Amino acid sequence: MRPGLRFVLAHPAHVIAFGFGAGLVRPAPGTAGTLLALPVFWFVYPRLSDGAFLALLAAALLVGAWACERTGRALRVHDHGGMVIDEMVAFLLVLFMLPREPLWEAFGFLLFRLFDILKPSPIRYYDRTLKSGFGVMLDDLIAALYTLLVLAAWKAVAL
């Protein structure tokens, strides 16, 4: 099933799961969702303390899991490609942890997309095993962790 704007607007969970419409972008909805996280971060982060931003991310994780669970049931696909709130939340976490420099953000974006697409172990395992909204969110959080580990190693070697 290829849902359209009518499906997305039919329920608030669908709007959230589809990243406020970013998941309708073709041919790469996951990339569109990840890219949408950039302006969201640039707008929201400077207005909040670190603690408030992390609390917002935790809330977004819970709401995203609910939205993906409900939307996945409606689509009868547990992790439909158009559901991109998982990429958005995970990449917001990556951006929070990185230095506020365009080069770091660019490499963070590229590495996150690489890990999200290739799904190295255990990402692929959780993606296939956990058929729930939490499972949808978890595999991208692991991709974010891999991204941060690679960038931390790069920083340690480069400096």
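A residue counts as buried when its relative accessible area is under 20%, as exposed when that area is over 50%, and as partly exposed in between, with a 1.4 Å probe and protein chains only. The structure is a predicted model, in which local features need pLDDT of at least 70 and side-chain atom pairs count only at pLDDT 80 or more, while totals for chains, interfaces and linings use all residues. Residues are numbered from 1 along each chain as its sequence is written, and side-chain values use heavy atoms, with hydrogens and water left out.

Q: Why is Leu38 called buried?
A: Leu38 has a relative accessibility of 12%. That value falls under the 20% limit, so Leu38 counts as buried.

Q: Where is Leu38, and which residues does Leu38 touch beyond those up to four places away in sequence?
A: Leu38 sits in helix H3. A contact means heavy atoms within 4.5 Å, and by that test Leu38 touches Phe91, Leu95 and Glu105. Leu38 and Phe109 are 71 residues apart in sequence, with their C-alpha atoms 9.2 Å apart in space.

Q: What makes up the pattern of the protein chain?
A: The chain reads α-α-α-α-α-α-α-α along its sequence, with 8 helices and 0 strands. Helices (H or I, at least four residues) and strands (E, at least two) are DSSP runs, numbered from the N terminus.

Q: How do you know how compact the protein chain is?
A: The radius of gyration, taken over C-alpha atoms, is set against the globule rule, 2.2 Å times the number of residues to the power 0.38. The chain has a radius of 15 Å, close to the 15 Å given by the rule for 159 residues, so it is as compact as a globular protein of that length. Along its principal axes the C-alpha trace spans about 50 × 35 × 25 Å. Of contacts between residues at least 6 apart in sequence, 72% join residues at least 24 apart.

Q: What share of the protein chain counts as buried, and what makes up its accessible surface?
A: Of the 159 residues, 45% count as buried. The accessible surface is about 8200 Å², and 71% of that belongs to carbon and sulfur atoms. These areas come from the Shrake-Rupley method with a 1.4 Å probe; for residues, only the protein chains shown count as cover.

Q: What makes a set of residues the largest nonpolar core here?
A: A nonpolar core is a set of buried Ala, Val, Leu, Ile, Met, Phe, Trp, Tyr and Cys residues joined through side-chain atoms within 4.5 Å. The largest such set has 45 residues, and those with the most contacts inside it are Phe18, Phe41, Phe53, Cys68, Ile85 and Phe91. Among the helices that each supply at least two residues of this core are H1 (5-9), H4 (50-75) and H8 (133-158). Apart from neighbours within four places in sequence, Phe41 is in contact with Pro46, Phe53, Leu92, Leu95, Phe96 and Arg100.

Q: Is Phe20 buried or exposed?
A: Phe20 has a relative accessible area of 57%, which is over the 50% limit, so Phe20 is exposed. Phe20 lies in the loop between H2 and H3. Phe20 and Ile85 are 65 residues apart in sequence and 8.6 Å apart in space, C-alpha to C-alpha.

Q: Why is His14 called buried?
A: The relative accessible area of His14 is 7%, so His14 is on the buried side of the limit. His14 is found in helix H2. Beyond neighbours within four places in sequence, His14 is in contact with Phe7, Val8, Thr71 and Ala74.

Q: How do you know that Asp116 is buried?
A: Asp116 has 5% relative accessibility and therefore counts as buried. Asp116 lies in helix H6. Not counting residues up to four places away in sequence, Asp116 touches Glu87, Asp139, Asp140 and Ala143.

Q: Is Arg76 buried or exposed, and where does Arg76 lie?
A: Arg76 is exposed, since its relative accessible area is 77%. Arg76 lies in the loop between H4 and H5. Its phi is near 60°, a positive value in a residue other than glycine.

Q: Is Lys119 buried or exposed, and where does Lys119 lie?
A: Lys119 has a relative accessible area of 15%, so Lys119 is buried. Lys119 lies in the loop between H6 and H7. Although Lys119 is not a glycine, its phi is positive, at about 50°.
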